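Please look at the model first, then read on.

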Amino acid sequence: MFKIISNGVDYTDYMLSVSSSITFSDNTVTGNVASKQFDLSVDNSERIFNSILNQEFIIFDDDTQIGVFKVYEKPERMTNDLELTLYDNVVLTNVAYNSVLAYPSTIKEQLDEMSGIIGVSIDYSNVLKSVLNLSVNWWDNTLSIREHMMYIAELTACNVFADATGKLIFQPLSKEKKYDLPEVEGVEQFTTVEQFTISKVRYDNGVGTVFEYGNDTGSIYYLDTDNSYIEKQEQVEAIGKAICGLSIMTMEDLVAPEIVGANVGDIIKYYDDEDTYHFMLMSIDIDYYNAEYNVMSAEGKLETQAVEAVTNHVTPETKIKKVETRVDNAEGKINIISQEVEGNKSSISNLEVGLNNIKSEVSNSIQNIYKFEAGSNNIFSNCYKLLSKTSEEKQYKSLNDMPYDINIAEMRNKDICISANIFVENGVMSDLNRCIGVEFEVGYADGTKKKYSLCWYLGSFDLQYLIQTSTVDHDERIWIHFKTEDKEVTSVSNLKMFIDLNADRAMISNPKVEFGTYPTGFEYDLAYVRDNIQTIEENYTLISQEVSDLSLKSVSQEREITTIKGEMSEVTTRLQNTEIKLQPTNILLAVNEQIGANGQLYTTKFVLDKSGVHISGGGLDIKNNDGDKVFYADKKGNLTIENLTAKNGTFSGTISGSTISATTFIYQNNNKSSIKINDYGLRLYGPSGNGFIGMKTSQGFALGVESPIVYAQSESSDEVWNAVFSQGFNMMKLIYDSTRYIQFQCLDKAYGISIWASDRTLKTNIYPSMTKGIEAIKKISHKSFNWIENGKYVDCGYIAQELMMISKDFVIPIKQPNGNVLYQINETALIPVITKALQEVIQEVEVLKSRVGGQYQYGTYN
């Protein structure tokens, strides 16, 4: 019997349909971190689920607790019939692993740190201590905690699940039968595929490191190429001993009665008069009917790869570039190995340099750098696009057909990296915004929207004559990193490429948005090795004078040069330029900086003309004689004024950290709406002074006689509305349910006051009630009790939950500040039933009197 409980309340009766699912990754028997999910269709006509979706749900099957689950993606609209998906705690591991451990560390320390990050206990008692204490020199914050745990689980020949209490547990692979398939005539159905026996385990990191264990009598089981925890032959032997010998009949499309307690990775036995099979459950789907049995659908298929039939297990679509550096202190050499794989074609380069030729600071470095073709890991689809614009096209141009392609909830509180290829040839100044880039918009549940954009801007000044290269030509893959907001995401727009500049030719292509702080999918090179760095500085000042124009320019150019074995190559160029122009109409000052010959140009510009002072690209500050900033504005336009004083002046905007003193303060906007503050309090006036809301100070009202908050239509109005001035409660709201009531928030509890509206003009479909009052009243149990709060004794009263079992209308659910619900008697529903029962009793008494001829008096018959 299926049952779902939250905060001690049973919600099973509200379930319209229930199903669950859990699955392994394709063709894997270890290294899975499998999450179970429940799909619920619930009756929400009473709006019960509107307020409990943040709670944990405990699910039972035949009185056996299955696990602890939670809704992580709420419905956009709360309807009468809700579709909900609940996940166990494994889903919490889908976050980046931002380790702060001191490395080298151990696997145990990493697992403890992961447990602290996700706030869930991890049970690794089934993992050997020798594995837990294994020294680890790496972590990757572009991978999730789940991916790190998958690698560790594979290393230990385990899979990871959430147990019944919500704890994550490493479960070793078992090669033995665990359950028998239930015998229910006419129910089982399945299709067998082939007998599958693992005889060899193989690990190949793709650049020449291969470890194997086993023989060629059966099938090969391939370990994950990217599992950096695997470093030794002994590790693969341990994995092989746990896996080799696993022999099952692979199958598909199994339908059978549910096996209570069975999980993916378990082996079940089927037998009849003719055949006996051992199946491994690779995925399980269960439909719960609360009948004699529930129905289980399962898959158990593994791809067979016999040794003699395997030539290359890299798929034709795979494109990988991989560089690895290895340092051998004993031999005094460093090896740099580079491999490129495209489909089944592979090429490897190996460079060996003697230790005497490099600096000792890199003698113990070892690193792996991966390059994947553009498009992988992209969270938007359809991104293999090119947007181009020529000199004939003068207007803004965009392309907006690249949709968001993953679960919206995954965008919450994530590091995201946006990258794209751009090319600009002979860019020119124009009325456009002089930029090219890509952008998308995220909408949040609180109604806010935020745009995330990657832009390259055309330089404001042409320095070609200074550095002998064009600043208006650019060919680069650019990128930027953002962090999304930590709040519920409700929408993500399509990804848009745009060109908002004029040039002979401008192009943007292959945009990519991925999780992480650094991009993948474009050029990475192994960091250069250098033993000598020298700096060349070039400084000069240029002064030119014309009749109508006086210009001063000062330039500093710094180049960082690397020399390896006498060969020189320029690494970085930094150009700084200052320009002052005096013209008949204005004075212009500009400071420019460019890093790299093709880098972005940063400009701060100051212009003084007849309309005033204009600053762009930078901030402004004014200091006093002590050197303290007293007036300053940052690059975003935020203005700060220290110790603000004004006489007969007008302010607009926001003033913080200052005191405005006066007998009376009046603020008035263009619509004549105003705020007035004086010794008697505060008043807010509508347009042209029509009507006001007032808040009096303690001098302006008598406590207990009037309210400090008032409303009047005018200064001379005789009708003044006084707001409630309460003591002991801080919130009041009107609740519309099957019964209307006012809810009061009183300190640490909430209470309800019924509203009994009964006027005929408010009602329709009026008919005599068919309610059987006596039957309902007979079910009511009267109890004596003491109140916990004050200990007072009550001789006769009700228990709200017992009344709720008779009719849900007899009680009002009042949500408390701590999220719990307390129930209160709804007299507006109870009293009509009592009066109806009384009428039924009177009617029965009158019938009895008629039967005895009306001679019943004082308890005796005459």
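Which element gives the largest share of the lining of the second largest cavity? The strand β3 does, with 3 residues.

## Basis of the model

This is a predicted model, in which local features need pLDDT of at least 70, side-chain atom pairs count only at pLDDT 80 or more, and totals for chains, interfaces and linings use all residues. Residues are numbered from 1 along each chain as its sequence is written, and side-chain values use heavy atoms, with hydrogens and water left out.

## Cavities

The count is 2 cavities of 30 Å³ or more. A cavity is a set of points, on a 1 Å grid over the protein atoms alone, where a 1.4 Å probe fits but cannot get out; lining residues have an atom within 4 Å of a point. Points are joined across faces, edges and corners, and the volume is the space filled by probe spheres set on them.

The second largest cavity holds about 30 Å³. Its lining consists of S20, S21, I22, K36, A262, N263, I284 and I286. Two elements give two or more residues to this lining: β3 (15-23) and β20 (283-288). Strands here are DSSP runs (E, at least two residues), numbered from the N terminus. By class, the lining has 4 nonpolar, 3 polar and 1 charged residues. Nonpolar covers Ala, Val, Leu, Ile, Met, Phe, Trp, Tyr, Cys and Pro; charged covers Asp, Glu, Lys and Arg; the others, Gly among them, are polar.

The largest cavity holds about 40 Å³. L134, S135, V136, N137 and W138 line it, along with S228, Y229 and E231. This lining divides into 4 nonpolar, 3 polar and 1 charged.

## Cysteines

How many disulfides are there? The count is 0. A disulfide needs a pair of cysteine sulfur atoms within 2.5 Å. For C435, the closest cysteine sulfur is in C455, 4.8 Å away, which is too far for a bond.

C435 is buried, at 6% relative accessible area. Buried means under 20%, exposed over 50%, and partly exposed in between (1.4 Å probe, protein chains only). C158 is also buried, at 1%.

## Salt bridges

The whole structure has 23 salt bridges. Each is a side-chain nitrogen of Lys or Arg within 4 Å of a carboxyl oxygen of Asp or Glu.

D123 pairs with K167, with the closest N and O atoms 3.9 Å apart. D123 is in strand β9 (residues 122-123) and K167 is in the loop between β11 (158-162) and β12 (168-172), so the bridge ties together parts 44 residues apart in sequence. D123 is buried at 17%, whereas K167 is partly exposed at 27%.

K385 and D401 meet at 3.2 Å, N to O. K385 sits in the loop between β25 (368-372) and β26 (386-390), and D401 in strand β27 (residues 397-402), so parts 16 residues apart in sequence are tied together. D401 is partly exposed, at 30%.

D486 bridges to R412, with N and O 3.3 Å apart at the closest. D486 lies in the loop between β31 (474-483) and β32 (489-492), and R412 in the loop between β27 and β28 (415-428), so this pair ties together parts 74 residues apart in sequence. D486 is exposed at 52%; R412 is partly exposed at 38%.

Which residues form a network of salt bridges? K200, R202, E212 and D216 are linked in one.

Key. On a 1 Å grid over the protein atoms alone, a cavity is a set of points where a 1.4 Å probe fits but cannot get out, and a pocket is an open set with protein on both sides within 12 Å along at least five of seven lines; lining residues have an atom within 4 Å of a point. Helices (H or I, at least four residues) and strands (E, at least two) are DSSP runs, numbered from the N terminus.
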